[in-house]
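Subject: Structure handover

Hello,

Please find the structure below, with its sequence. My notes come after it.

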Amino acid sequence: MITIVLLGTLVAGILTLTQTSIIASKTSEEAARVESALLTAAERVERADRLQFPCDDTLPAPVEAAAQLKLGVSETDVEHHAWITTEHLDGSGQWAPGACPGGVYQPNLVQRITITMVSPDTGLTRSLEVIKGDI
């Protein structure tokens with residue numbers, strides 16, 4: 001009887017460790033997927049022509065494409081899994097809200113674009129900042 005109880009306790013412990021390991025592995029895999037999507041989006045934003053990057057907070061095509069490609073979300077669901085916030089460097093060297101001063105593109109503009117993506121499977125959220133400028 002003592003042997004059976006000891007074996008049961010041992011098996012229960014092993015099962016718990018296995019379950020914990022599986023959950024940790026899935027979370028790590030999902031984090032890598034979201035971070036890969038963010039890096040792809042950041043690279044596309046850095047390479048994007050100004051015409052692809054409007055002076056509003058709409059989701060630009062490079063970020064939308066990266067979310068669809070790497071996260072596997074549909075075109076209609078992408079706004080729930082990827083978004084941006086933008087700031088621009090004002091004349092005093094401070095970050096001001098909005099992609100462009102007064103919503104109008106100006107030469108020598110410097111922007112800080114924060115890209116946020118959320119895993120469609122687990123809800124894991126990650127963000128990455130990109131500095132984009134004409135200078």
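What follows is a description of the sheet, the helices and the salt bridges.

Please keep in mind that this is a predicted model.

The sheet

The sheet is open and has 4 strands in the order β2-β1-β3-β4, with antiparallel pairing. Its edge strands are β2 and β4, each of which pairs on one side only. From one strand to the next, the twist averages 30 degrees. As background, strands of a sheet pair through backbone hydrogen bonds, and the pairing can be parallel or antiparallel.

Here are the pairs in turn. Strand β1 covers residues 82–89, and strand β2 covers residues 95–97. These two run antiparallel and are joined by 3 bridges. In this pair, Glu87 stands opposite Pro97 of β2. The hairpin of β1 and β2 has 5 residues between the strands, and Gly93 in this hairpin takes a positive phi near 85 degrees.

On to the pairing of β1 with β3, which spans residues 110–118. The two strands are antiparallel and share 7 bridges. Thr85 stands opposite Thr114 in β3. Between β3 and β4 there are 9 bridges, and these strands also run antiparallel. In this pair Ile115 stands opposite Leu128 of β4.

Strand β1 in detail

Which residues of β1 lie on its covered face, and which on its uncovered one? The covered face has Ala82, Ile84, Thr86 and His88. The uncovered face has Trp83, Thr85, Glu87 and Leu89.

Thr86 is in strand β1, and its relative accessibility is 5%, so it counts as buried, the limit being under 20%. A polar atom of the Thr86 side chain lies 3.1 Å from the backbone nitrogen of Ala99.

The helices

Helix α1 is made of residues 2–47. Helix α2 is made of residues 61–71 and lies across β1 and β3, at about 25 degrees to β3.

Which residues of α2 are buried? They are Pro62, Val63, Ala66, Ala67 and Leu71. These residues are on the same side of α2, because they cover an arc of only 130 degrees around the axis. The buried residues of α2 pack against α1, α3 (78–81), β1 and β3. After α2 comes Gly72, with a positive phi near 75 degrees.

The salt bridges

Side chains of opposite charge can pair when their charged atoms come close. How many salt bridges does a search of the whole structure find? It finds 4. Three of the pairs are described here, by residue.

One of them joins the side chains of Arg33 and Glu30, with an N to O distance of 3.7 Å. Arg33 and Glu30 are 3 residues apart in helix α1, so about one helical turn separates them.

Another salt bridge is formed by the side chains of Glu35 and Arg126, at 3.1 Å from N to O. This pair links distant parts of the chain, with Glu35 in helix α1 and Arg126 in strand β4 (residues 125–133), 91 residues apart. Both partners are partly exposed: Glu35 has a relative accessible area of 36%, and Arg126 has a relative accessibility of 30%.

The side chains of Glu87 and Arg112 also meet in a salt bridge, at 2.8 Å from N to O. Glu87 lies in strand β1 and Arg112 in strand β3, so the pair ties together parts that are 25 residues apart in sequence. Glu87 counts as partly exposed at 24% relative accessibility, whereas Arg112 counts as buried at 19%. Salt bridges that share partners also join Glu30, Arg33 and Asp121 into one network.

Regards

How values were computed: Residues numbered from 1 in each chain as written. Predicted model: local features only at pLDDT ≥ 70, side-chain atom pairs only at ≥ 80, totals over all residues. Heavy atoms only, no water. Buried < 20%, exposed > 50% of the residue type's maximum accessible area, 1.4 Å probe, protein only. Pairing = 2+ DSSP bridges. Polar contact = N/O pair within 3.5 Å; in protein donor to acceptor, adjacent residues only side chain to side chain. Axes fitted to C-alpha atoms, helices over the stretch in contact; angles between N-to-C directions. Contact = heavy atoms within 4.5 Å. Arc of directions from axis to C-beta.
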